[in-house]
Amino acid sequence: MHQGETLLTVRDLRVEFPARGGVTALRGVSLALQGGRTLGIAGESGSGKTTAGLAAMGLLPPGTRVTGSIRLGERELVGLPEKEYRRVRGRQVAMIFQETSTALNPVLKVGDQLRMATRAHFPGSKDDVRARIVAALESVRLTDHTRVLRSYPHELSGGMCQRIVIAMALSCGSRVLLADEPTTALDVSVQEEILALLRTVVAERQLALMLISHDLAFLADLCDDLVVMYKGQIVEAGSAQSVISSPAHPYTRALLECIPSLHSRRGTLPELREYEAPSAQGCGYRHRCPWRADPCLEAPALAAVAASAERSARCWRSAEVLRQSVTESESVV
Amino acid sequence: MDPDHGVQVTVPEASATAAQSRPPASPLMSAEEVVVDYHLGRGRTLRAVDHVSFELQPGEVLGIVGESGSGKSTLGKVAAGFIRPDHGRVLVASDGSALQDRAQRHPRGYRDVQMVFQESAAALNPRLPVWKLIGESVRPDRLLSHPWGSGRTQLRDVVLAQLGRYGLSRALIDKRPAELSGGEKQRVAVARAMLASPAVVVCDEAVSSLDVSIRAVVLNLFKRLRDETGVALIFISHDIAVVAHLADRILVMHNGRNVETGATAQVIDEPKDAYTRQLLAAVPRLER
């Protein structure tokens with residue numbers, strides 16, 4: 001929170017899908033993206049993490065009810081007419097998707113696709129456009145431009161395709177980058193390369209990166225700050241390192257425990273189980289929470305965790321949960 | 001009413017006793033020098049699996065790790081009998097018999113090895129309800145005579161009685177795949193594989209598209225089924241941490257070749273091959 005200016009601010013964002021029977025995907029989410037920093041958003045399917053990304057890109061389906069505010073610098077994005085959004089999308093906020101195979105057009109050469117994307121925002125001479133593309137390819141460490149630009153997506157490996165998608169996002173000079181599970185479809189060793197690449201571009205270009213994933217181990221590697229989402233709300237936020245090493249919300253603890261690690265093999269993994277029937281009242285995590293108690297019948301707010309001001313959690317007992325996590329992590333060492 | 005409806009559900013237990021009584025020296029499956037070539041046209045071929053051999057003991061979990069293109073899925077399909085190797089052979093010992101080329105034991109030789117895929121959505125017929133999806137493998141239409149009878153109601157009851165074992169709620173019995181969550185679909189696929197009472201289940205990236213918490217549930221399910229029924233698993237994944245969690249032995253594939261095989265602890269703690277070390281180094285770590 002020290003370096004870089006705030007590039008994107010989300011305040012109390014609510015997203016409802018009336019067409020899908022009034023499902024509320026986000027219930028008041030606030031976060032900020034800063035230049036040169038990576039914010040991780042963790043959560044399972046249905047937690048609203050992808051919706052948060054799509055909302056910032058203005059890509060939610062028509063008819064979606066969006067309230068709250070998404071500010072890009074001085075500009076309010078919520079309610080921005082589509083015509084104006086087109087100038088923002090790609091140019092100021094860009095998104096990297098999980099499936100490169102669907103993000104790239106299979107019947108067009110990579111060069112043509114990069115050219116179209118770049119020219120949509122920077123209608124310049126052929127040489128200008130090419131210079132931009134080459135610069136972008138170089139920043140994603142693809143040096144064999146001629147061959148890459150002449151290839152069709154199927155002629156390139158998954159890792160190279162993902163680099164091209166990143167290059168496409170960079171070629172238009174966007175400083176806010178949203179990446180939704182950018183490496184899930186890739187092999188572990190390629191994943192590592194893409195992560196390293198993202199780390200370098202964020203530092204080099206002082207980008208603000210929002211990294212969305214269900215895998216906390218993956219986010220721990222790359223992120224400065226971390227937000228954990230559950231049922232459309234932020235349940236825990238703080239610096240990635242402190243959240244991972246000493247979670248203050250029972251859900252974060254549960255998510256961390258069920259990751260198989262190389263060193264704790266062969267045991268039974270703890271499962272998220274239901275202790276009681278889910279209810280609409282009170283804390284949304286109560287029915288699955290081993291820490292539940294009487295106060296949980298009322299919904300807790302996202303509040304600072306006693307120990308430190310930069311940590312917050314949506315739990316009445318966050319101080320106790322944090323203390324327990326700290327004790328456990330100390331006993332391991 | 002007795003949920004079992006007088007139906008004897010003995011087959012998985014039977015294979016458990018078979019697994020225990022068989023001396024560990026006799027493998028359940030043996031792949032010998034398997035080679036698979038893919039023909040790319042214009043006379044070009046790609047050797048996907050290059051002289052790979054392995055043995056699978058009863059009740060053992062063999063993990064196969066490697067990246068895309070390493071040949072791990074092709075090897076799994078050879079083990080399941082979907083692909084005939086261009087060279088080498090796969091022997092299966094089913095029903096306590098000696099190792100035999102499975103072609104000679106048709107159809108038992110194929111039915112004995114079941115497969116669970118990554119995309120359960122694609123692996124399940126969207127038009128069938130859960131009881132039919134699972135029931136198909138209990139009574140694959142006149143393919144085998146089965147002691148559980150042929151009546152439709154009875155088959156539904158058999159499946160109903162089994163759902164709990166796979167962590168599925170009984171309320172799901174008439175649901176179709178579109179109405180199930182990802183984890184439920186994968187558990188249906190597991191139930192379908194297990195109710196054919198196989199000796200071996202080949203799981204190809206069976207937990208890769210699941211959320212971490214659901215992945216834990218499905219991994220625990222595999223572990224429990226192995227412990228309870230003695231079924232052997234071939235567990236294929238690109239994620240060595242997931243494989244290490246479940247497997248007794250790990251086989252590492254790289255460019256179609258088997259670069260390292262060994263007990264899990266040995267492969268993880270003292271990897272011999274450079275590529276294995278690279279895979280291990282790429283595992284994201286929570287400890288910083």
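Before I show anything, a definition: a residue is buried if 20 or more other C-beta atoms lie within 10 Å of its own, exposed if 12 or fewer, and partly exposed in between, with the C-beta atoms placed from the backbone. What we have here is a predicted model, in which local features need pLDDT of at least 70 and side-chain atom pairs count only at pLDDT 80 or more, while totals for chains, interfaces and linings use all residues. Residues are numbered from 1 along each chain as its sequence is written, and chains are lettered from A, and ligands numbered from 1, in the order in which they are written.

Let me start with chain A. Its secondary structure comes to 12 helices and 12 strands, where helices (H or I, at least four residues) and strands (E, at least two) are DSSP runs numbered from the N terminus. Of the 333 residues in chain A, 44% are buried. Along the principal axes, the C-alpha atoms of chain A fill a box of roughly 65 × 45 × 40 Å. The radius of gyration of chain A, 21 Å, agrees with the value near 20 Å that a compact globule of 333 residues would have; the radius is taken over C-alpha atoms, and the globule rule is 2.2 Å times the number of residues to the power 0.38.

A:E74 sits in the loop between β4 (65-72) and β5 (75-76), and it counts as exposed because it has 5 C-beta neighbours inside 10 Å. The C-alpha atoms of A:E74 and A:R87, which are 13 residues apart along the chain, are separated by 15 Å. A:E181, found in the loop between β7 (176-180) and α8 of chain A, is partly exposed, with 19 other C-beta atoms within 10 Å. Most residues other than glycine have a negative phi, but A:E181, although not a glycine, has a positive phi of about 45°.

Now to where the chains meet: how many residues does the contact take from chain A and from chain B? It takes 31 from chain A and 27 from chain B. On the side of chain A that touches chain B, at least two residues are supplied by each of α8 (188-205), α9 (216-222), α10 (240-245) and α11 (250-257). By class, that side has 15 nonpolar, 8 polar and 8 charged residues, with Ala, Val, Leu, Ile, Met, Phe, Trp, Tyr, Cys and Pro counted as nonpolar, Asp, Glu, Lys and Arg as charged, and the others, Gly among them, as polar.

Chain B itself has 11 helices and 10 strands, and 48% of its 288 residues count as buried. Of the contacts in chain B with a separation of 6 or more, 67% are accounted for by residues 24 or more positions apart.

Helix α2 (residues 72-80) of chain B is mostly covered, since 8 of its 9 residues are buried, namely B:K72, B:S73, B:T74, B:L75, B:G76, B:V78, B:A79 and B:A80. Following α2(B) is B:G81, which has a positive phi near 90°.

Next, a pair of helices in chain B. The axes of α5 (residues 130-138) and α7 (residues 182-194) of chain B come within 7 Å and cross at roughly 30°; axes are lines fitted to C-alpha atoms, for helices over the stretch in contact, and angles run from 0 to 180 degrees between N-to-C directions. α5(B) and α7(B) are therefore roughly parallel to each other, a label given to angles under 35 degrees, as against over 145 for roughly antiparallel, 65 to 115 for roughly perpendicular and the rest for oblique. On the α5(B) side the contact is made by B:V130, B:L133, B:I134, B:E136 and B:S137, and on the α7(B) side by B:V188, B:A191 and B:R192. By class, this contact has 5 nonpolar, 1 polar and 2 charged residues.

Leaving aside neighbours within four places in sequence, B:Y166 is in contact with B:R187, B:V190, B:A191 and B:L221.

Conventions
Contact = placed C-beta atoms within 7 Å.
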